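Colleague: I want each term set against its cut-off before I use it. Where do we begin?

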Amino acid sequence: MLTALSALLVLLALLLPNTLHTLTPDKFLRIPVEAVVGAALLLALPGRWRRVVAVLAGLALGALTVLNLLDMGFHAYLGRGFNLVLDWELLDDAQAYAGDTMGSAGAFGLAAGAVVLALLLCALLTLATVRLGELLARHREVAVRSTLAAAVVWTTTAALGVQFAGLPVASDHASALVRIQTERVRATLRDEAAFAKEARNDAFGATPPGRLVPDLRGKDVIFAFIESYGRSAIEDPAIRPGVHRTLESGTGALAKAGFRAKSGWLTSATYGGSSWLGHSTFLSGLWIANQQRYRTVTSSDHLTLTKAFRKTGAWRTVGVMPGVRKGWPEAEFYGLDHVYDAFRLGYRGPRFSWSTMPDQYALEAFQRLEHGKKRDKPLMAEVILTSSHQPWAPLPELVGWDELGDGRIFEGIEAKGEDPADVVASSARSKEAYGRSVQYSVASLTQWLRRYGGEDTVLVFLGDHQPIARVSGEGASRDVPVSIVAKDPEVLAKIDGWGWSDGLEPARDAPVWKMDAFRDRFLTAYGSTPSGKRD
């Protein structure tokens, strides 16, 4: 019985897929070449070396299984596999997210369970390979014949392309996964030096201050990111109706207040999470698709879109970052004179899962602390709106702007909201809640603009990435909406050549640019002069 279980465990480890949507029974009805080669190797080795190799093979299988499980999680949430070099630090973020979703005790239990599972897998697979190695040695003659027969069957089915349920019977799945992980590591190491050189080349890096965004002088310019506001919010049939109504009514209400809008699509450098990669890509004009690139660019003097405004000396630059709850040295890289983090916005109400405060409150605080004050310079602000961050429960609701106070008005709303653990457990409920969160964030922003925006207000807002794959769907694009809103007709006239759609909702066939293209297009549209590359 134990021998059969050992063989089954090894076969499952060798054939385990690395994505959840491919985890089907037919994947395990194949002949793994690694099992054939492993059996032949163990048969060829003397006792002591056989046991050493069996232990090493078991540990390797355990490590590969753990990596496959990590791949499953990363594909489900971030739309990509786990990077052995860069992604370990993201596990801390995952635990923090779990704490926001299920409480600190639940998050600790989940983390402890994951560690125990990893150790248990390595131990069980090691014991299984040692047991199977000893079985082969005890029944050497039968084992040799069986291994030869298996090798002949594998070679024959591979040569003839024999398939079962659409899959090749002959499998080298585990070896292929090892090759994939190895290539990821190699590509990451190669990319580091190449990107450092790319980041030093900046078409606007040496542009004199007087030649940066001259056509926006005197304007209050606001760059707002809406968390997880992706193309799926506008085009997924299960999500679209409510979001479409919000965008349509927002466009109409803004038009009555004298504002016009144009919208298009940007392809984000990230998916499902790691919002800072989307923010840095959009503002730097560089493709920041991993943590290594992020560290490289944020430690450089590369010109960001926000820093361009500070470089002119003509704007006060601020950041409104309700999601920042610790030191944030990137403020200097982004060129922000002052940052309002989660503790500097005066909020005394309840948290809404991951989001420290409702977007409506964050925007009102921005108005009170900066936008509504008399200044000797116009304002450039980077605003991060977080209410549409997963797990999308509980969700805030819009209240009267004059009733916001210090945020305690939201206590009753948070208390009667949905349990995040219940929403996360259901893909359908996650979709529904995600749609409502986007409606809330967009409505908060457009209401704020109607209430407080003036003749010289320019708002640029966009999503940072698509929601997780469980909401956006397998194979969804990485596109996010982007809109520019202003009262001054000259502001939108400058981008007439972009081909963007009128209103807050981009048409399905509106232009799609990579997100890193926006910085240079925006700077050029508003009169900036490229200085050429600098080494």
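Modeller: On a 1 Å grid over the protein atoms alone, a cavity is a set of points where a 1.4 Å probe fits but cannot get out, and its lining residues have an atom within 4 Å of a point. The model is predicted: local features need pLDDT of at least 70, side-chain atom pairs count only at pLDDT 80 or more, and totals for chains, interfaces and linings use all residues. Residues are numbered from 1 along each chain as its sequence is written, and side-chain values use heavy atoms, with hydrogens and water left out.

Colleague: What lines the second largest cavity?

Modeller: Thr-19, Leu-20, His-21, Met-72, His-75, Ala-76 and Glu-474. About 30 Å³ lies inside this second largest cavity. A volume is the space filled by probe spheres set on points joined across faces, edges and corners.

Colleague: How many cavities of 30 Å³ or more does the whole structure hold?

Modeller: Two. Among the residues lining the largest cavity are Phe-352, Thr-386, His-389, Trp-392 and the prolines Pro-391, Pro-394 and Pro-396.

Colleague: What makes a space a pocket rather than a cavity?

Modeller: A pocket is an open set of points, with protein on both sides within 12 Å along at least five of seven lines. The second largest pocket holds about 850 Å³. Its lining has 33 residues, and Val-10, Glu-34, Ala-35, Gly-38 and Ala-39 lie nearest its centre.

Colleague: Which helix gives the most to the lining of the second largest pocket?

Modeller: H2 (33-44), with eight residues. At least two residues each also come from H1 (2-15), S1 (31-32), H3 (47-78), H4 (90-138), H5 (140-160) and H6 (173-200). These names follow DSSP runs, numbered from the N terminus: helices are H or I of at least four residues, strands are E of at least two. The chain comes to 19 helices and 13 strands.

Colleague: Why is Asp-220 called buried?

Modeller: Buried means under 20% relative accessible area, exposed over 50%, partly exposed in between (1.4 Å probe, protein chains only). Asp-220 is at 14%, so it counts as buried. Asp-220 sits in strand S5.

Colleague: And Ala-428, buried or exposed?

Modeller: Ala-428 is at 58%, so it counts as exposed. Ala-428 belongs to helix H16. Over the chain's 535 residues, 51% count as buried.

Colleague: What does the side chain of Asp-220 make a polar contact with?

Modeller: The side chain of Arg-375, at 3.4 Å. A polar contact needs N or O atoms within 3.5 Å; within protein one must be able to donate a hydrogen and the other to accept it, and sequence-adjacent residues count only through two side-chain atoms. The Asp-220 to Arg-375 pair, at 3.4 Å, counts. Contact in general means heavy atoms within 4.5 Å. Leaving aside neighbours within four places in sequence, Asp-220 is in contact with residues including His-371, Pro-378, Asp-456 and Val-458.

Colleague: Why is H10 called largely enclosed?

Modeller: Six of the eight residues of H10 (291-298) are buried, so the rest of the structure largely encloses the helix. The six are Gln-291, Gln-292, Arg-293, Tyr-294, Val-297 and Thr-298. They pack against H6, H9 and H12. At the start of H10, a side-chain oxygen of Asn-290 comes within 3.1 Å of the backbone nitrogen of Gln-292.

Colleague: How do you know that H11 is mostly covered?

Modeller: Six of the eight residues of H11 (305-312) are buried. They are Leu-305, Thr-306, Lys-307, Ala-308, Phe-309 and Thr-312. Their packing partners include S5 (220-226), S7 (316-320) and H19 (518-525). Gly-313 follows H11, with a positive phi near 75 degrees.

Colleague: What is in the largest nonpolar core?

Modeller: It has 53 residues, and Tyr-229, Phe-366, Val-383, Phe-461 and Val-485 have the most contacts inside it. H16 (427-452) gives the most to this core, with eight residues. A nonpolar core joins buried Ala, Val, Leu, Ile, Met, Phe, Trp, Tyr and Cys through side-chain atoms within 4.5 Å. A second, separate core of 50 residues includes Leu-266, Val-491, Met-515 and Leu-523.

Colleague: Which residues is Phe-366 in contact with, leaving aside its neighbours within four places in sequence?

Modeller: Among them are Ile-222, Val-318, Val-320, Leu-379, Ala-381, Val-383 and Trp-448.
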